[in-house]
Amino acid sequence: MARHGVGKHLKIAGDLSFLNSTPFANLLESCARSKSARDTRRIHGRIVKTQFASEVFIQNRLIDVYGKCGCLEDARKLFDKMAKRNTFTWNSLISTLTKSGFLDEAAKMFESMPEPDQCSFNAMVAGFAQRDRFEEALDYVVSMHGEGFVLNEYTFGSALSACAGLRGMKMGIQIQGLISKSLYSENVYIGSALIDMYSKCGIVDSARRVFEGMRERNIVSWNSLITCYEQNGPVSEALGIFERMMDYGVEPDEVTLASVVSACASLLAIKEGLEIHARVVKCEKFREDVVLGNALVDMYAKSGQVKKARQVFDSMPIKNVVSETSMVSGYAKAASVKAARLMFTTMIERNVVSWNALIAGYTQSGENEEALGLFRLLKREAIFPTHYTFGNILNACANLADLHLGRQVHVHVLKHGFRFQIGEEPDIFVGNSLVDMYMKCGSTEDGSQVFQNMLEKDNVSWNAMIVGYAQNGFGTEALGLFQRMLVSGEKPDRVTMIGVLCACSHAGLIDEGRHYFYSMTEVHGLAPLKDHYTCMVDLLGRAGCLDEAKNLIETMPMQPDAVVWASLLSACKVHRNITLGKYVADKLLEIDPSNSGPYVLLSNMYAELGKWGDVVRVRKLMRQRGVIKQPGCSWIEIQGHVHTFMVKDRRHSQKKEIYSVLRELTKQMKRVGYIPDAGNDEDEEEQSETELSYQMEMQVDSAVG
């Protein structure tokens, strides 16, 4: 229709002599609206044959329309042929260049421009800001202001966008100062841009102040503040602002709903999410929005409702890599890694986020070998791994206690240039993962070296080292590092204190342990949790302070669980306190009567004291209650192959050689005075059948397990 109309006017133009070029300008305006390069060239051909061919006004319009139709070369040729140019001529071509992404050419043209005006500067500021060249955009703002040009709403809007992109708070505050002195201090669009800028800089209070100070608000203002809270927290405030928006009668759009659904996903607020979903279902425009659909899939996936997520996914008319990645992540988090892998393999397009989601799923499900295999595929397909990729892969190596693989991953990290510093993508996350991996693999020297080389450290860095030292038996080193942490100004958290208490336990520092336990509340303002009480019980139990440990458990502000009682029961076994052991075992069986641990420990205690009748009674009680002791398992890696052994295992191909060595070791141990834990001083011939079989079982447990 538009082209037909333009053609009709062209026919008339061929038959009549226009008094001015206005009809041609109107035709070019139609071409600009339809973005028709063909019709623009046809009109240009007509103009060339008229007296208006050299008119600056109509030539400027042609350059402008060629630019809007994407015909940069045509615009440039016309510019070069013009005998006379004015400021609008330059501005038209500069605007065309910036919008087409030819920023360096636009900059050269701007420098050669005889008299740039406000529009010239605005074109440069907007063009550079839109192409993420934020620093240069702000340089033009500074130059514009320095040369005395008035900054208008277009300048301010682009400048705030550049500040948001740079997270440049200092410049953003200066721009706000200029806005407050201008005619645009109450402009609703500038207010919304200020909220967005403060949001992206993470300054939530300033964003809220701007919002509250606005006399007029539009949907963009509300969306900017909701998104601010959704991305920076507290996320619950995003829902509060949304409710307030609804109370004011402002109708939400798809951007509003997508942000609110994302907030629901972070909060696992499924009830509120269902309400938003109901609103989406009622509106066709919302149902077809891919961003909102992706947010709903992500919300249900994060809430563990994978079936609901799949229903939304299947109902989406348009899907993209984000939709499919959300489903991969949802399946992975629900421990359905097979379904996640199937979705992953059918994806038309895969990005690094998709790979990361599946790798994380395998790691979290304990399928660490699969995670490592997927990492190899990722490298083979030339996908550039991120910090999150390496974090998960190092976690897999730590779970496998595979130091060799961990070192290989470390080499990959170094090849990618990660230097373990805080930034937009924090290298420190990878540094912490490396420390954790080395410590869990028992290589404290390597872990310490990574820690020392980290340019910046956070709470997690210190905790990984302190806990790692404690777990590897370096109690003194852990406590020394804790003192360094305090001197550095880093505040300890509950994880730190678990590491400190474990270190005291392994080093036998009972007085220091008591001091650190009570300093949690008195010095650091941290209320002890169950884990801290368990550490203290372990510390006291190792030192033989069994009554103190029992009293500590019974004065806990929370209900003692099986773990803390089991820690005391183990101490009772070590110190052969059968009376307290019986009491603790009864407590454990009240909590979890199906757990074999208390039965086995109590049975072992009786056996050590030679009370074989009680041993038989405990074992009989286990059988009556259907309690089964899971056999112990050991493994060893030789030349990359892992050999696994169960108690009384006879399946290994080299079982004869293994048991031959075991018998020889047992003889040597006895010669140097080793006495099996389950035995007593009687000769084997004098023991009952029950005693003998039990002792043999415990000998194998001690030697093999």
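In which loop is Pro 528 found? In this predicted model, Pro 528 sits in the loop that runs between α32 (510-522) and α33 (530-542).

**Pro 528 and its surroundings**

With a relative accessible area of 13%, Pro 528 falls under the 20% limit and is therefore buried. Once its neighbours within four places in sequence are left aside, the residues in contact with Pro 528 are Phe 517, Met 520, Thr 521, Tyr 533 and Met 558. The domain assignment of the protein gives domain 1 as 528-630 and domain 2 as 633-676, and the C-alpha centres of domain 1 and domain 2 lie 29 Å apart.

**Two serines in helices**

Ser 567 belongs to helix α35, which covers residues 562-574. Is Ser 567 buried or exposed? Its relative accessible area is 14%, and Ser 567 is accordingly classed as buried. Apart from neighbours within four places in sequence, Ser 567 is in contact with Thr 534, Val 537 and Asp 538.

Ser 199 is placed in helix α12 (residues 188-200) and is likewise buried, with a relative accessible area of 4%. Leaving out neighbours within four places in sequence, the contacts of Ser 199 are with Ala 207, Thr 227, Cys 228, Gln 231 and Asn 232. The C-alpha atoms of Ser 199 and Phe 211, which are 12 residues apart along the chain, are separated by 11 Å.

**Helix α19 and its two partners**

Two packed helices are described by the angle between their axes and the distance between the axes.

| Helix pair | Axes come within | Crossing angle |
|---|---|---|
| α16 (residues 254-267) and α19 (residues 290-302) | 9 Å | roughly 10 degrees |
| α19 and α21 (residues 321-333) | 9 Å | roughly 5 degrees |

Why are α16 and α19 described as roughly parallel? Their axes cross at roughly 10 degrees, and because angles under 35 degrees count as roughly parallel, α16 and α19 are given that description. On the α16 side the contact is made by Glu 254, Leu 257, Ala 258, Val 261, Ser 262, Cys 264 and Ala 265, while α19 contributes Val 291, Leu 292, Ala 295, Leu 296, Asp 298, Met 299 and Lys 302. The residues of the contact of α16 with α19 divide into 10 nonpolar, one polar and three charged.

By the reasoning that follows from a crossing angle of roughly 5 degrees, α19 and α21 are therefore also roughly parallel to each other. Here α19 makes the contact through Val 290, Asn 294, Val 297, Asp 298, Ala 301 and Lys 302, and the residues of α21 that take part are Val 322, Ser 323, Ser 326, Met 327, Gly 330 and Lys 333. How do the residues of the contact of α19 with α21 divide into nonpolar, polar and charged? There are five nonpolar, four polar and three charged residues in this contact. Asp 298 and Lys 302 of α19 take part in the contact with α16 and also in the contact with α21.

Over residues 218-252 the chain is 77% helix and 0% strand, with the end C-alpha atoms 10 Å apart. For residues 458-492 the figures are 77% helix and 0% strand, and the end C-alpha atoms are 11 Å apart.

**Backbone features in loops**

A cis peptide bond, with omega at about -5 degrees, joins Gly 233 and Pro 234, and Pro 234 has its place in the loop between α14 (219-232) and α15 (235-247).

Positive phi values in residues other than glycine occur at Asp 132, where phi is near 65 degrees, and at Arg 167, where phi is near 55 degrees. Asp 132 lies in the loop between α8 (118-130) and α9 (134-146) and is exposed, with a relative accessible area of 55%. Arg 167, in the loop between α10 (153-166) and α11 (169-180), is partly exposed, with a relative accessible area of 44%.

Key. Residues are numbered from 1 along each chain as its sequence is written. This is a predicted model: local features need pLDDT of at least 70, side-chain atom pairs count only at pLDDT 80 or more; totals for chains, interfaces and linings use all residues. Side-chain values use heavy atoms; hydrogens and water are left out. Helices (H or I, at least four residues) and strands (E, at least two) are DSSP runs, numbered from the N terminus. Buried means under 20% relative accessible area, exposed over 50%, partly exposed in between (1.4 Å probe, protein chains only). Contact means heavy atoms within 4.5 Å. Domain bounds come from an automatic or database domain assignment. Axes are lines fitted to C-alpha atoms, for helices over the stretch in contact, and angles run from 0 to 180 degrees between N-to-C directions. Angles under 35 degrees count as roughly parallel, over 145 as roughly antiparallel, 65 to 115 as roughly perpendicular and the rest as oblique. Ala, Val, Leu, Ile, Met, Phe, Trp, Tyr, Cys and Pro count as nonpolar, Asp, Glu, Lys and Arg as charged, and the others, Gly among them, as polar.
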